[in-house]
Amino acid sequence: MSFYKKIPLLVKLLLAITLGIVLGSSLPTSIIRVFVTFSSIFSSFLGFTIPLIIVGFIVPGISQVSNNAGKLLGLSTGVAYVSTLIAGTFAFIVAKFTLPSILANATLQTFQNPEDLMLKGYIEFKMTPIFDVTTALVISFILGIGISATQSDSLKQGFNDFGEIIEKLLSSVIIPLLPFYILGVFMNITASGEVFKILKIFIMVFAVILLLHFIIIIVQYLVAGSVNGRNPFKMILAIAPAYITAIGTQSSAATIPVTLKSTKKMGVDKNIANFTIPLFATIHLSGSTITLTTCATAVYWLQHGATFPTVAVMIKFIILLGVTMVAAPGVPGGGVMAALGLLQSVLGFNEVMLSLMIALYITQDSFGTACNISGDGALSAIVDKLNRVFFKKDKQQDLA
């Protein structure tokens, strides 16, 4: 068991997909349905926990940010949120224009008619959520803002504790069981006869995501360089060690020391860097937002017979996703787990689509994390400039 825990989540996921294809094409249906039964029960449990995940992460996130909302914190949070919205909007625009040619003739009956093609488990165990996703979001905003406004230490501590319970559930139960869930789903998809179409789509969408990551990093540093009068490409070169470290660690938090050193090297005030880099490692996830938006657009296209979600639907999704990413837990796969509720409620994704979103996201999670932390350096430089222009007199007070 300890050996299994030491295996990186990405490796576990790739093994699950490979085994799912091999076993799904060679085992009899009766045995495949055993694995499908587990995936079905796990999916029901996952659906039950989604509203709890939303409340457990968003309430402490909002109350913490608001409770400490000095000028510099408010500025930094605003810059991070705008960056996330730009990244999501950019990803949707690019996906809308590129995916039709990339996914041409890639219709999947598994997405459109899962009830007809997918195997059923031997038993069903329905776990009805306490409330739906929309209710969870509304409750989270009301409680988070209310706790900040009333300065209720007891409520704040209570929801902080609840958030820790949910994060423990995520890191100790849900994330470790995800590979077995994906194994059952891919065995089922293989049995349906469409697995190789899906793998081909995986590769093409993955290439688009990586390209978008590099583009958004360049854009972020072009802005940071222009407002500070510095060479943006020298700034990118300075942040490169943090990018490479993040690919290896798959953790923004673990990369903070390298990100901090690289950010100071590009000329950002050390006091600003000391404040913003740990903050952005938690609340700025532009790379993850690009991944989720691009994958969601592609999966929606496949499910709805070559049509995209409306602009209004995607605006709603991206705005709520930006808030969700601020509160996403800092564990591998945490971003997509926090976003599952939005994928269900806003885009109408079913179990198969959600499982593929999880697989797509975790497969590129290292690169998404690297994009996130690379942008942190650019945003710190922007905040440094804005702070000098607007809040210079109050800088030491804000940092205190």
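Analyst: What follows is a set of questions on labels and the values behind them, for a model that is predicted.

User: What is the confidence of the chain as a whole?

Analyst: The mean pLDDT of the chain is 80, and 84% of its residues reach 70 or more.

User: Where is confidence lowest, and where is it highest?

Analyst: Helix α18 (residues 395-399) has the lowest confidence, with a mean of 46, while helix α17 (residues 365-390) has the highest, at 87. Over residues 394-400 the pLDDT is below 50. Beyond near neighbours in sequence, that stretch has 11 contacts in the model.

User: How many aromatic pairs are there, and why is the pair of F38 and F42 called stacked?

Analyst: The structure holds five aromatic pairs. For F38 and F42 the ring centres are 6.0 Å apart, and the planes are at 25°. Pairing needs centres within 6.5 Å and stacking needs planes under 30 degrees apart, so the pair counts as stacked. Both residues lie in helix α3 (residues 29-67), four residues apart, which is about one turn of the helix.

User: Why is F38 called partly exposed, and why is F42 called buried?

Analyst: F38 has 32% relative accessibility, which falls between the cut-offs of 20% and 50%, so F38 is partly exposed. F42 has 5% relative accessibility, which is under 20%, so F42 is buried.

User: What makes the pair of F42 and Y181 tilted?

Analyst: The ring centres of F42 and Y181 are 5.1 Å apart and their planes are at 40°.

User: Is Y181 buried or exposed, and which residues do the ring pairs link into a cluster?

Analyst: Y181 has a relative accessible area of 1%, which is under 20%, so Y181 is buried. Ring pairs link F38, F42 and Y181 into a cluster.

User: How do you know that T263 is buried, and which residues is T263 in contact with?

Analyst: T263, in helix α11 (residues 256-265), has a relative accessible area of 0%, which is under 20%, so T263 is buried. Leaving aside neighbours within four places in sequence, T263 is in contact with I239, V268, A273, I277, G377 and S380.

Note on methods: Residues are numbered from 1 along each chain as its sequence is written. This is a predicted model: local features need pLDDT of at least 70, side-chain atom pairs count only at pLDDT 80 or more; totals for chains, interfaces and linings use all residues. Side-chain values use heavy atoms; hydrogens and water are left out. pLDDT is the predictor's confidence in each residue, from 0 to 100. Helices (H or I, at least four residues) and strands (E, at least two) are DSSP runs, numbered from the N terminus. Contact means heavy atoms within 4.5 Å. Rings of Phe, Tyr and Trp (its six-membered ring) pair if their centres lie within 6.5 Å; planes under 30 degrees apart count as stacked, over 60 as edge-to-face and the rest as tilted. Buried means under 20% relative accessible area, exposed over 50%, partly exposed in between (1.4 Å probe, protein chains only).
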